[in-house]
Amino acid sequence: MGIQVIPTTPFSDQKPGTSGLRKAVPVFQKPHYLENFIQAIFDTIGDPQGRPLVLGGDGRYFNAEAIQTILKMAAAHGFSRVKVGQNGILSTPAASCVIRKYGAIGGIILSASHNPAGPQGDFGVKFNTANGGPAPEKVTNAIYERSCSLRQYTIYTAPDVSLHTLGEFPLGEMIVEVIDPVADYQALLETLFDFDCIHDAITGGRLSLIFDAMHAVTGPYAHRILETRLGAPQGTVQHGVPLPDFGGGHPDPNLVYAHDLVQQLFGDDPPVFGAASDGDGDRNMILGANCFVTPSDSLAILAANATIVPGYKEGLAGIARSMPTSQAADRVAATLGIDCYETPTGWKFFGNLLDAGKATLCGEESFGTGSNHVREKDGLWAVLFWLNILALKQQSVADIVQSHWRTYGRNYYSRHDYEGIDSDRAHTLMTQLEQKLPQMVGQSFGAYTVAIADNFSYTDPVDHSVSTQQGLRLIFDDGSRIVYRLSGTGTQGATLRVYLERFEPNPHHQHLDAQVALADLIELANQVANIQGLTGRDRPTVIT
């Protein structure tokens, strides 16, 4: 046993995307591939100075092996303590909570979020900084630059550390502290929500629910919080055992991949409330009896009702949303007299706003919602927020949504995903469309006249950093929008995301199916970008 220095050569493909480095499992299993990236992280963040490192993941295939490698490399790099979730399990929001609570230098989270898992599935490594949030671009760029020049890495050679038992265990000069992955996170949530009120509504029969953990990381959290603490009947949490391949499913909580849950909420005798979370626990889908709540509407409704929930009774400092997310939250912010910030996609862009006290609630249309309690989006947090509102208002989900539309108007909204497109074709589509944008301003397409046509850029109001090339926008003079982006979260081919939005203030016209209400914009989006001609796809893979 002891520290070994291992010669290596750089890999050219270790540039992190919007949420860490994601590749297929066989790529991470290449000799030295994982070790190189971890070495680049450790070289970039520097001397830990006695501060702990937090480590855990969503339990997907290769999670256990990667954790042992990272522990041994941490022992060789002067860390005095690593806090690791029992059995290697730690949801992304829980990791953020632990980093912040114990003053850690940061954390390494092993997940590819909502991407499928298994021997041929996806794996990911993400570094979160001391504020608990994803590393900003200046840090991820530095990690990538270091990865390009590596010639060696160091690792402590020793037997694997058992992660089954809570407690402290030596690894060289370092202590591996195996922690309860739920305890600190649950304690934080109990400071925000009225657990007793929710418990009484559930056990009193006024609030029935189903939660689909999709065989991913939130199973243990949901069992402990929803069933044990809040009194929901056993069986409320479905697919609650984390599996290395997520049971062969796709742990993305949307209307397509959470179809079992959707069928129950739109079937006979549905419960009052249904929800699902994703692979690493940071996304959520909210449903009511015969009712789907879009993530954009969910953010707006939580903001509009925030002061009835204990943790937000003093009001909100501001709201932040990603650019493709609908403008429903903007309308709430305007009524409340607070700012609403429009950022690029990626939770890291919310971090400065939260740290500076400029925003309290944040959300992305990709089923992510959160607040300043951590620096990540948080699936179970959103579920508990909704449960607290339902317990207090004693209304159905549909009634709450429709009441919100009557007050603020409805932003008809949809996202069309074209998954697994040939990357060259996808980039050709975006390039050709961007070249046409300058000439489109002032053009009319049926009832729509283009007011703005650009590639969205963002100047951070806190540190004044600039992020460009964040999505192509067509904004029409009535406020309707079409947005085109290539996703940065997949590992195979490219995913084209098309976002469509139209505002409807008239309550008599707010009850159409979104695809019907947006039909003319959908046709226009396909026509303007020549989606079928350039991709060969005549329909999206997923519509939400």
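Hi everyone, let's start with helix α14, residues 397-408: at 1.5 Å a residue, its 12 residues should span 16 Å, and the end C-alpha atoms are 17 Å apart, which agrees. The expected span here is 1.5 Å times one less than the number of residues. Before going on, please note that this is a predicted model, where local features need pLDDT of at least 70 and side-chain atom pairs count only at pLDDT 80 or more, while totals for chains, interfaces and linings use all residues. Residues are numbered from 1 along each chain as its sequence is written, and side-chain values use heavy atoms, with hydrogens and water left out. Helices (H or I, at least four residues) and strands (E, at least two) are DSSP runs, numbered from the N terminus.

Which residues of α14 are buried? They are Val397, Ala398, Ile400, Val401, His404, Trp405 and Tyr408. Seen down the axis of α14, these buried residues fall within an arc of 165°, so they line one face of the helix; the arc is that of the directions from the helix axis to the C-beta atoms. Buried means under 20% relative accessible area, exposed over 50%, and partly exposed in between (1.4 Å probe, protein chains only). On the face turned away from the buried side, α14 carries the exposed residues Arg406 and Thr407. After α14 comes Gly409, with a positive phi near 90°.

Now to the sheet. Five strands form an open sheet with mixed pairing, in the order β11-β10-β12-β13-β14. Its edge strands, β11 (237-238) and β14 (291-293), each pair on one side only. Two strands pair if DSSP finds at least two bridges between them. Strands β12 (residues 273-277) and β13 (residues 284-288) run antiparallel, joined by five bridges, and Ser277 has Asn284 in β13 as its bridge partner. Helix α13 (residues 379-393) packs on this sheet, touching β10 (209-212), β12, β13 and β14; contact means heavy atoms within 4.5 Å.

Last stop, strand β6, residues 122-128. How many of its residues are buried? Seven of its seven are. Asp122, Gly124, Lys126 and Asn128 are buried on one side, and Phe123, Val125 and Phe127 on the other. In a regular strand the side chains alternate between the two faces of the sheet. As for neighbours, β2 (residues 21-24) runs antiparallel to β6 with four bridges, and Arg22 is the bridge partner of Gly124. Strand β5 (residues 106-110) also pairs with β6 in the antiparallel sense over four bridges, with Ile109 opposite Lys126.

Technical notes: Axes are lines fitted to C-alpha atoms, for helices over the stretch in contact, and angles run from 0 to 180 degrees between N-to-C directions.
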